[in-house]
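Reader: I have a chain on my screen and would like to talk it through with you. Could you put it up here, and then we can go from the overall build to the details?

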Amino acid sequence: MPRETLFTKIVAREIPADIVYEDDLCLAFRDIAPQAPTHVLVVPKEPVESIDSLTADHQELAGHLMLVCKKVAAAEGLSAGYRVVINNGKDGGQSVDHLHFHVLGGKSLKWPPG
């Protein structure tokens, strides 16, 4: 059985979240500690631990998640631009062991990010 995480609890509606998008494969909700005026997390409902855990079997899911990031950005009015970030592992800044995409925007984002 996959490890339970904060995100599996949100997907199961055990923990409330400000959900902005949902379909059969994923859920998108506002980050509780936003790093930009718009900060939405897109998570697969399937509990994939990280980008390193993706296999060829996840190809369709991974592409779907990217397209959902685009939909979320459009719905949030990020027409001037946005950033999609996937953190992987401790040194990559991943704090929840459940694959998630950060959609950030609403201001001019600097590079490098840190």
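Author: Let me begin with a term: the radius of gyration used here is taken over C-alpha atoms, and the rule for a globule is 2.2 Å times the number of residues to the power 0.38. Please also keep in mind that this is a predicted model.

Reader: OK, so what does the globule rule give with 114 residues, and what does the protein have?

Author: With 114 residues, a compact globule would have a radius of gyration near 13 Å, and the protein has 14 Å, so the value agrees with the rule. Taken along the principal axes, the C-alpha atoms fill a box of roughly 40 × 30 × 25 Å.

Reader: And the secondary structure, what does that come to?

Author: The protein has two helices and five strands, and read along the sequence they follow the pattern α-β-β-β-α-β-β.

Reader: How much of the protein counts as buried?

Author: Of the 114 residues, 36% count as buried. The accessible surface comes to about 7000 Å², and 53% of that surface belongs to carbon and sulfur atoms. As for contacts, among those between residues at least 6 apart in sequence, 54% join residues at least 24 apart.

Reader: Switching to pockets, what volume does the largest pocket have?

Author: The largest pocket has a volume of about 450 Å³. It is lined by 16 residues, and the closest to its centre are Gln35, Arg83, Val85, Leu104 and Pro113.

Reader: Which strands supply at least two residues of that lining?

Author: Strand 4, residues 82-85, and strand 5, residues 101-105, each supply at least two, and the largest share, three residues, comes from strand 4. By class, the lining of the largest pocket divides into seven nonpolar, six polar and three charged residues.

Reader: What about the second largest pocket, which residues lie nearest its centre?

Author: Leu6, Phe7, Asp31, Ile32 and Leu41 lie nearest the centre of the second largest pocket, which is lined by 19 residues and has a volume of about 270 Å³. Helix 1 (6-11) and strand 2 (26-30) each supply at least two residues of this lining, and helix 1 gives the most, with three residues. The classes in the lining of the second largest pocket are 10 nonpolar, six polar and three charged residues.

Reader: Now a couple of single residues. Where does His58 lie, and is His58 buried or exposed?

Author: His58 lies in the loop between strand 3 (38-44) and helix 2 (59-75). Its relative accessible area is 11%, and since buried means under 20%, His58 is buried. Leaving out residues up to four places away in sequence, His58 touches Glu46, Val48 and Ser53.

Reader: And Gln94, where is that one, and why does it count as buried?

Author: Gln94 is in the loop between strand 4 and strand 5, and it counts as buried because its relative accessibility is 10%, with the cut-off set at under 20%.

Reader: Which residues does Gln94 touch?

Author: Not counting residues up to four places away in sequence, Gln94 touches Glu49, Ser50, Asn87, Asn88, Gly89, Leu99 and His100.

Reader: Last one: how many Å apart in space are Gln94 and Asp18?

Author: From C-alpha to C-alpha, Gln94 and Asp18 are 21 Å apart in space, and in sequence they are 76 residues apart.

Note on methods
Residues numbered from 1 in each chain as written. Predicted model: local features only at pLDDT ≥ 70, side-chain atom pairs only at ≥ 80, totals over all residues. Heavy atoms only, no water. 1 Å grid on protein atoms, 1.4 Å probe; cavity = no way out; pocket = protein on both sides within 12 Å on 5 of 7 lines; lining within 4 Å. Points joined across faces, edges and corners; volume = space filled by probe spheres on them. Helix = DSSP H or I, 4+ residues; strand = E, 2+ residues; numbered from the N terminus. Nonpolar A, V, L, I, M, F, W, Y, C, P; charged D, E, K, R; others polar. Buried < 20%, exposed > 50% of the residue type's maximum accessible area, 1.4 Å probe, protein only. Contact = heavy atoms within 4.5 Å. Areas by Shrake-Rupley, 256 points an atom, 1.4 Å probe, with all protein chains shown as cover.
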